[in-house]
Amino acid sequence: MDTPRPENQRSRLERALALVTEVRSGEGTTALLMTLNIFLILAAYYLLKPLREGFMSRIEGWQEIESYISAITALLLIPTVKAYGRVASRYARRKLISVVTSFFVSNLVVFYFLLHFDVPYFGILYYVWLGIFNNMVIAQFWAYGNDIYNPDQGRRLFPMIQFGGSLGAILGPAVASRAAHLSAATLMLLAGLILMLCIGMTNWIDLRPRARRSAGDVVKAKRPVGGAGGFQLIWRHRYLLYLALLILVLNWVNSNGEYILRRMVSDAADSSVIAQGLSLQTHQGELAGETFIRYFYADFQFWQNALVLLIQALLVSRILKYLGVARSLFIPGLLAVLGYGCMAFLPILMIVRTAKIAENADDYSLMNTLRAALYLPTTREMKYKAKQAIDTFFVRVGDVAHAVTVAIAGVLALSAQGFAQLTLCLVAVWLGLAWLLSREHGKLLSGQEREAGALEVADSRAAAYARAPQADD
């Protein structure tokens, strides 16, 4: 973290960044490097993501298999998160990030050679690996951000850093589509090179002379992350348990919404085909239906991504500034109540489309920033180990819960409207968890303030004692 300078000495960069959020003097360079780092991580991911469907399409019945992969991934994440905890207990933060990211890069090199052979079910292997890689590397990045920034700085700077992630998520697919002429093996190596660049950037940030708060931060940077494992921490601390359950339900609700939208778009495509006087079973009918769906989702993604950038650039930092982290937690839940309430009682495609655009835009901007900022008042082992467990295992359990819900809805023959009413009940659970989490968050911040006050009093007493004349022996 950069050493603060007087506010009247802010650089031009810091004054420019203040358009997005409050950047104080001495904070600009590190914040910009962190923003660029998350941008590159997501750019690498979006080079790799389109390969997934291509590999899966080689497997017969791959559409049905995909619904079971989340369960496989969730099971594999249990030993993976435990292994990460052991590595974190062994290495200091800079080496930890280098070792973990290099491991994933080495996986890409292995995949590069495997592509030259006809490996059975390679698509499933790659699908599971990509799900683990995406969640773990991003969770690790935000753990590092929580480690180098204090709660006040994180609340101010995380919105700008997350803007880099939002930009990477939008520009990454555009770059991937223009690189479609490159082979899968080449794209893997290119993504590996970008990740190596991210390792170098993290080392640069951590070694910068002004990247330290104090001598204490120098000691912390060289010390491995101690304490219990990620799952143990979650079971021991109510704050982490509420946070884990909130993320699980959040992912469950969002996946349900995507399912409702897919059903309604499919029905609308069939109606469009029939309105054109075509049969659903004819080749022309199939093409007309696919064209309707393709154009619908292209327009949907455009407005969603545009709203993400607008919210992240102009609103998120101001929401956190005036409401704080805890109270801001209720905004996504209240938006979900409004959106799924409309879906449940007015199941019209245009209404569902608008509700999902608003929900996704909020999820990818404000909620993503909150998911990072909620760890600011926690301990180092919570930041690195518990965050890995929550952002990987509990996210995937949310996917599994959604798959089970879809299966039950199929048995009960629930309509899209009935599915929305069921999801509205989950949103009520989400709001309850947000209330419990906000209470625990306030307790953590109060504890930190008391500790900071005690340290300040101790320092002032020590200084007064040093200035006082000492009696001779």
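1. Let's start with a term. On a 1 Å grid over the protein atoms alone, a cavity is a set of points where a 1.4 Å probe fits but cannot get out, and a residue counts as lining when it has an atom within 4 Å of a point. Rolling a probe the size of a water molecule over the atoms shows where empty space is left.

2. A word on what you're looking at: this is a predicted model, where local features need pLDDT of at least 70, side-chain atom pairs count only at pLDDT 80 or more, and totals for chains, interfaces and linings use all residues. Residues are numbered from 1 along each chain as its sequence is written, and side-chain values use heavy atoms, with hydrogens and water left out.

3. How many cavities of 30 Å³ or more are there? The count comes to two. For volumes, grid points are joined across faces, edges and corners, and the volume is the space filled by probe spheres set on the points.

4. Now the largest cavity, which holds about 100 Å³ of space. Its lining is made of N37, I41, I97, T101, V137, Q140, F141, Y144, L195, C198, I199 and T202. At least two lining residues come from each of α2 (28-56), α4 (93-114), α5 and α7 (184-207). Those helix names are DSSP runs (H or I, at least four residues), numbered from the N terminus. By class, the lining has eight nonpolar, four polar and no charged residues. Here Ala, Val, Leu, Ile, Met, Phe, Trp, Tyr, Cys and Pro count as nonpolar, Asp, Glu, Lys and Arg as charged, and the others, Gly among them, as polar.

5. The second largest cavity has a volume of about 50 Å³. Around it you'll find L250, N254, P332, L335, E359, D362, D363 and W430. Two or more of these lining residues come from each of α10 (238-275), α13 (330-345) and α14 (349-373), and α14 gives the most, with three. This lining splits into four nonpolar, one polar and three charged residues.

6. On to helix packing, with α10 and α14 again. Their axes come within 10 Å and cross at roughly 155°; axes are lines fitted to C-alpha atoms, for helices over the stretch in contact, and angles run from 0 to 180 degrees between N-to-C directions. That makes α10 roughly antiparallel to α14 (over 145 degrees; under 35 is roughly parallel, 65 to 115 roughly perpendicular and the rest oblique). The contact (heavy atoms within 4.5 Å) includes L250 and N254 of α10 and E359 and D363 of α14. By class, the contact of α10 with α14 has 12 nonpolar, three polar and six charged residues.

7. Which way does α10 pass α14? The crossing is left-handed, a label used if the near helix is turned anticlockwise from the far one by less than a right angle, with clockwise being right-handed.

8. Helix α5 (residues 122-148) and helix α15 (residues 380-412) pack at an angle of about 150°, with axes 9 Å apart, and are therefore roughly antiparallel. Among the contact residues are Q140 and Y144 of α5, along with R380 and K383 of α15. The contact of α5 with α15 has seven nonpolar, six polar and six charged residues. α5 passes α15 in a right-handed crossing.

9. Last pair: α2 and helix α6 (residues 151-178) sit with axes 7 Å apart, at an angle of about 30°, and are therefore roughly parallel. Their contact has 18 nonpolar, five polar and no charged residues. α2 passes α6 in a right-handed crossing.

Methods:
On a 1 Å grid over the protein atoms alone, a cavity is a set of points where a 1.4 Å probe fits but cannot get out, and a pocket is an open set with protein on both sides within 12 Å along at least five of seven lines; lining residues have an atom within 4 Å of a point.
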